[in-house]
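Visitor: I have a structure open and want to learn how to read it. Can you take me through its features, one at a time?

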Amino acid sequence: MKILITNDDGVYASGIFEIAKVLSKDHHVTVIAPDRQKSACAHSITMHKPLIIHEVSLKGLDNCDCYTLNGTPADCVKIAVESGMFEKPDIVISGINQGANLGTDVFYSGTVGGALEGCMHSVRSFALSVTSHYTRYLDQAAAVFNKLLFLDYSSIPKSTAININIPDIPAAEIKGIKIVRQGQAIYSDPIIKREHPSGYDYFWLGGKLQHEIQEGVDIGTVFEGYIVIMPMKCDVTDYDQISALKEIADKVLL
């Protein structure tokens, strides 16, 4: 099977190494990933500067074709599929991201953006994340992801991305798998204001993710020790509101 791997942490990140190492044992793996940190770039693409691709050698990934690109995860997938340099992959994998992609944070996530770009090209696509930025069990997570990637997804359209988050605990302690819906990402102290030595104010965006346990919702469930899988698609139309908007628009006299 031909597998394309990208991420938003950069080509030298540990997560991309661990999943590529596992998958390259049985599949043809091509890595195309940003040449630097691109977290929170969402589904953005590069429009106003040239994209430059370089082949690189990643220690321990001798069975993989590896490239860097001075762009976003979505750029990486577009180059892989549309440039003519590569065969179209059978699967797109974005990750493993070190840090969860849950709730409304998925709209900011470059990891999710890379997977959704794969869906736009009708390729089965996955966003893979673990719940810690300082992952202790990344190798075990990669082995678990390897099992999940090759389940029978034939009933799921390729326009749907599979967003998978694994808790950062030993694989033996994972309680099971839950299929979930998107929750609301709420942070304590989301904006930190500080004063620069030169006298002006500056801000750090961040904060600590709060997770209330709710049945069937991604955020709380993963922190209870479950793998959570959430289907996503590029169509964000709120179909329930189309009729209401038509009624509003019908009252406008042009």
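This is a predicted model: local features need pLDDT of at least 70, side-chain atom pairs count only at pLDDT 80 or more; totals for chains, interfaces and linings use all residues.

Guide: Residues are numbered from 1 along each chain as its sequence is written, and side-chain values use heavy atoms, with hydrogens and water left out.

Visitor: Let's begin inside. Which residues touch the most other members of the largest nonpolar core?

Guide: First the idea. A nonpolar core is a set of buried Ala, Val, Leu, Ile, Met, Phe, Trp, Tyr and Cys residues joined through side-chain atoms within 4.5 Å. Buried means under 20% relative accessible area, exposed means over 50%, and partly exposed lies in between (1.4 Å probe, protein chains only). Here the largest core has 35 residues, and Ile5, Ile19, Val31, Leu128, Phe145 and Ile164 touch the most other members.

Visitor: Which elements give two or more residues to this core?

Guide: Elements are DSSP runs numbered from the N terminus: helices are H or I with at least four residues, strands are E with at least two. The contributors are S1, helix H1 (14–23), strand S2 (28–34), S5, S6, H4, S7 and S13. H4 gives the most, with 7 residues. A second, separate core of 16 residues includes Ala127, Ala161, Met230 and Met232.

Visitor: What does Ile19 touch?

Guide: Contact means heavy atoms within 4.5 Å. Leaving out residues up to four places away in sequence, Ile19 touches Ile5, Gly95, Ile96, Leu128, Ala142, Phe145 and Leu149. Look at two of those again: a cis peptide bond joins Gly95 and Ile96, with omega about 5°. Ile96 sits in strand S5.

Visitor: Which residues other than glycine have a positive phi?

Guide: Ala42 is one of them, with phi near 55°. Find Ala42 in the loop between S2 and strand S3 (53–56). Ser122 is another, with phi near 60°. Ser122 lies in the loop between H3 and S6 and is partly exposed, at 47% relative accessible area.

Visitor: His121 is found in that loop too. Is His121 buried or exposed?

Guide: Buried, with a relative accessible area of 14%. Setting aside neighbours within four places in sequence, His121 is in contact with Lys78, Val81, Glu82 and Lys88.

Visitor: On to charges. How many salt bridges are there?

Guide: A salt bridge is a side-chain nitrogen of Lys or Arg within 4 Å of a carboxyl oxygen of Asp or Glu. By this rule the count is 7. Lys78, Glu82 and Glu117 are linked in a network of salt bridges.

Visitor: What does the bridge between Asp90 and Lys2 tie together?

Guide: The side chains of Asp90 and Lys2 meet at 3.7 Å, N to O. Asp90 lies in the loop between helix H2 (73–82) and strand S5 (91–98) and Lys2 in strand S1 (residues 2–6), so the pair ties together parts that are 88 residues apart in sequence. Asp90 is partly exposed at 36%, and Lys2 is partly exposed at 27%.

Visitor: Where does Arg136 find its partner, Asp168?

Guide: These side chains form a salt bridge at 3.7 Å, N to O. Arg136 is in the loop between strand S6 (124–130) and H4, and Asp168 is in the loop between strand S7 (160–166) and strand S8 (176–179), 32 residues apart. Arg136 is exposed at 59%, whereas Asp168 is buried at 9%.

Visitor: Last topic: empty space. How is it found?

Guide: Rolling a probe the size of a water molecule over the atoms shows where empty space is left. On a 1 Å grid over the protein atoms alone, a cavity is a set of points where a 1.4 Å probe fits but cannot get out; a pocket is an open set with protein on both sides within 12 Å along at least five of seven lines; lining residues have an atom within 4 Å of a point. Grid points are joined across faces, edges and corners, and a volume is the space filled by probe spheres set on the points.

Visitor: How many cavities of 30 Å³ or more are there?

Guide: The count is 1. The largest cavity holds about 40 Å³. Its lining includes Tyr137, Ile166 and Asp168. Helix H4 (residues 138–149) supplies the largest share of that lining, 3 residues.

Visitor: Which residues are closest to the centre of the second largest pocket?

Guide: That pocket holds about 390 Å³ of space. Of its 19 lining residues, Phe107, Leu116, Met232, Lys233 and Val236 are closest to the centre. Helix H3 (110–120) and strand S13 (226–233) are the elements that give two or more residues to the lining.
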